[in-house]
Amino acid sequence: MNIDIQSLREAGATIQAAFVSLGGLIGVFSTLAVFYLIIRASEAFGRRSPKNE
Amino acid sequence: MQDVFIGFSAVGWRELVMFAVGGALIWLAVRKEYEPMLLLPIGFGAILVNLPLSVVWEHEGAAGFLKVLYDGGIANELFPILIFIAVGAMIDFGPLFKNPAMIFFGAAAQLGIFATMIIATLLGFDLKAAAAVGIIGAADGPTAIYVANKFARDYLGPISVAAYSYMALVPLIQPPVIRMLTTKRERTIRMSYHEAGVPRWLKILFPISVTLVAGFVAPISAPLVGSLMFGNLIRESGVLERLSQTAQNELAYLVTLLLGITIGSSMRADKFLNVTTLMILGMGLVAFVFDTAGGVLFAKLVNLFLPHDKKINPMIGACGISAFPMSARVIQKMAAEEERGNIILMHAIGANVSGQLGSIIAGGMVLALVPLLAG
């Protein structure tokens with residue numbers, strides 16, 4: 001992985017931007033997916049709990 | 001006597017052009033009501049800073065009031081952070097909780113950031129500058145300012161102007177892109193909406209969870225996410241109503257006022273009037289187009305896997321940009337124009353608030369990944 005990063009550091013700006021784009025999009029999707037799971041889990045928990053408002 | 005007329009001799013054609021640019025921004029704010037709270041102060045700040053000798057910026061070695069504001073609010077990122085607290089206090093995540101799947105449009109509609117970044121490098125920008133230009137696609141002024149300030153301070157003026165101008169122009173930018181990518185039949189898809197209560201504890205837990213997750217995934221995004229979620233927690237806690245109102249009103253207005261005029265002060269003729277500025281303004285538009293396309297195409301992709309009665313109106317995807325609530329309103333208006341009585345507003349708002357989350361996470365990703373490669 002370190003070697004890959006090193007080769008990316010030496011690559012052209014467009015290749016670097018493509019890497020940032022790929023990593024960024026994956027990062028945004030996965031982070032929002034975690035938020036999605038939090039909401040879904042909370043819903044499931046809320047349905048089980050008789051005291052929710 | 002010479003000193004009396006020094007003002008006239010210190011002005012060149014560049015400064016005159018900047019007066020016209022400032023005047024144009026004020027005209028857009030007053031006449032067209034395009035983001036008036038920002039474009040008017042930005043326009044006036046641009047005029048002020050280009051006055052002879054630029055005394056408001058610096059004079060005889062002493063900082064002028066705009067430089068004091070810049071150093072105290074932009075250079076240290078204080079103003080964008082305060083704006084985020086105010087925005088957080090304004091956001092109601094309720095529509096998202098009722099249809100959580102909308103959250104993914106907040107990710108898909110960040111495509112413009114990354115597509116524009118790649119285009120910018122092809123046009124000769126280095127990675128950091130390209131990232132700062134691409135972040136216009138966050139459709140989120142404070143995020144754009146925050147990232148531009150980190151990566152390309154010289155481009156702060158054009159990037160901010162582009163971000164706020166195109167946010168105001170969402171009603172003109174999005175509809176043609178959506179029409180180009182969808183069929184009439186797709187635009188008339190109806191989506192059912194079930195009104196259901198959202199437990200208060202979920203509304204309180206959500207901003208805390210988001211802060212924790214974002215803090216672990218992209219620690220550098222903590223100031224952005226943390227301040228937005230802090231504002232939201234104040235709102236949803238239910239016990240800080242006065243603070244919530246203060247954040248939504250006094251804080252928002254005061255900081256917006258100072259932010260606008262300070263951004264205007266970064267539009268000095270020697271830095272603003274060049275081909276690069278035109279390129280940045282052009283790429284900003286590209287970013288918004290790709291954002292819209294990303295959201296719409298993602299919705300169409302998802303529809304391939306959904307049963308007939310669960311299809312998503314692909315226009316909803318376009319709401320994944322952060323321009324809230326403008327984008328949701330535009331999409332609802334389009335839906336009603338396509339077929340009277342088609343109400344998709346709440347879904348659109350769900351996607352739109354997701355865009356707010358997506359844009360700051362995307363900003364955090366850019367802030368984390370770019371230094372990894374560009375140092």
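**Exercise 1. In which helix of chain B is the place of Ile42(B)? Is Ile42(B) buried or exposed?**

Solution. This is a predicted model. Start with the position.
- Ile42(B) sits in helix α3 of chain B, residues 36–49.
- Next, count its surroundings. There are 29 other C-beta atoms within 10 Å of Ile42(B).
- A residue is buried at 20 or more.
- Ile42(B) is therefore buried.

**Exercise 2. Find which residues Ile42(B) is in contact with, leaving aside neighbours within four places in sequence.**

Solution. Go through chain B.
- The contacts are Leu25(B), Val161(B), Gly260(B), Ile263(B) and Gly264(B).
- Now take Ser266(B). It is 224 residues from Ile42(B) in sequence. In space, their C-alpha atoms are 9.2 Å apart.

**Exercise 3. Explain why helix α10 of chain B is described as largely enclosed.**

Solution. Count the buried residues.
- Helix α10 of chain B covers residues 141–151.
- Of its 11 residues, 10 are buried, so the rest of the structure largely encloses the helix.
- Among the buried ones are Pro142(B), Ile145(B), Tyr146(B) and Phe151(B).

**Exercise 4. Describe chain A and the side of it that touches chain B.**

Solution. Begin with the chain itself.
- Chain A has 2 helices and 0 strands.
- Of its 53 residues, 25% are buried.
- Then turn to the partner. In chain A, 29 residues are in contact with 38 residues of chain B.
- Two elements of chain A each give two or more residues to this side: α1 (2–9) and α2 (13–48).
- α2(A) provides the largest share, 24 residues.
- Sort this side of chain A by class: 16 residues are nonpolar, 10 polar and 3 charged.

**Exercise 5. Work out how α2(A) and α21(B) pack.**

Solution. Take the geometry, then the residues.
- Two packed helices are described by the angle between their axes and the distance between the axes.
- Helix α21 of chain B spans residues 345–374. With α2(A), the angle is about 140° and the axes are 8 Å apart.
- The pair is therefore oblique.
- The crossing of α2(A) and α21(B) is right-handed.
- From α2(A), the residues that meet α21(B) include Phe19(A), Gly23(A), Gly27(A) and Phe35(A).
- From α21(B), they include Leu357(B), Gly358(B), Met365(B) and Leu373(B).
- By class, the contact has 14 nonpolar residues, 7 polar and no charged.

**Exercise 6. What confidence values does the predictor give?**

Solution. Take the chain, then the complex.
- Chain B averages a pLDDT of 90, and 98% of its residues score at least 70.
- The complex has an ipTM of 0.88 and a pTM of 0.87.

Terms used
Residues numbered from 1 in each chain as written. Chains lettered and ligands numbered in written order. Predicted model: local features only at pLDDT ≥ 70, side-chain atom pairs only at ≥ 80, totals over all residues. Contact = placed C-beta atoms within 7 Å. Helix = DSSP H or I, 4+ residues; strand = E, 2+ residues; numbered from the N terminus. Nonpolar A, V, L, I, M, F, W, Y, C, P; charged D, E, K, R; others polar. Buried ≥ 20, exposed ≤ 12 C-beta atoms within 10 Å, placed from the backbone. pLDDT = per-residue confidence, 0-100. Axes fitted to C-alpha atoms, helices over the stretch in contact; angles between N-to-C directions. Parallel < 35°, antiparallel > 145°, perpendicular 65-115°, else oblique. Left-handed = near helix turned anticlockwise from the far one by under 90°.
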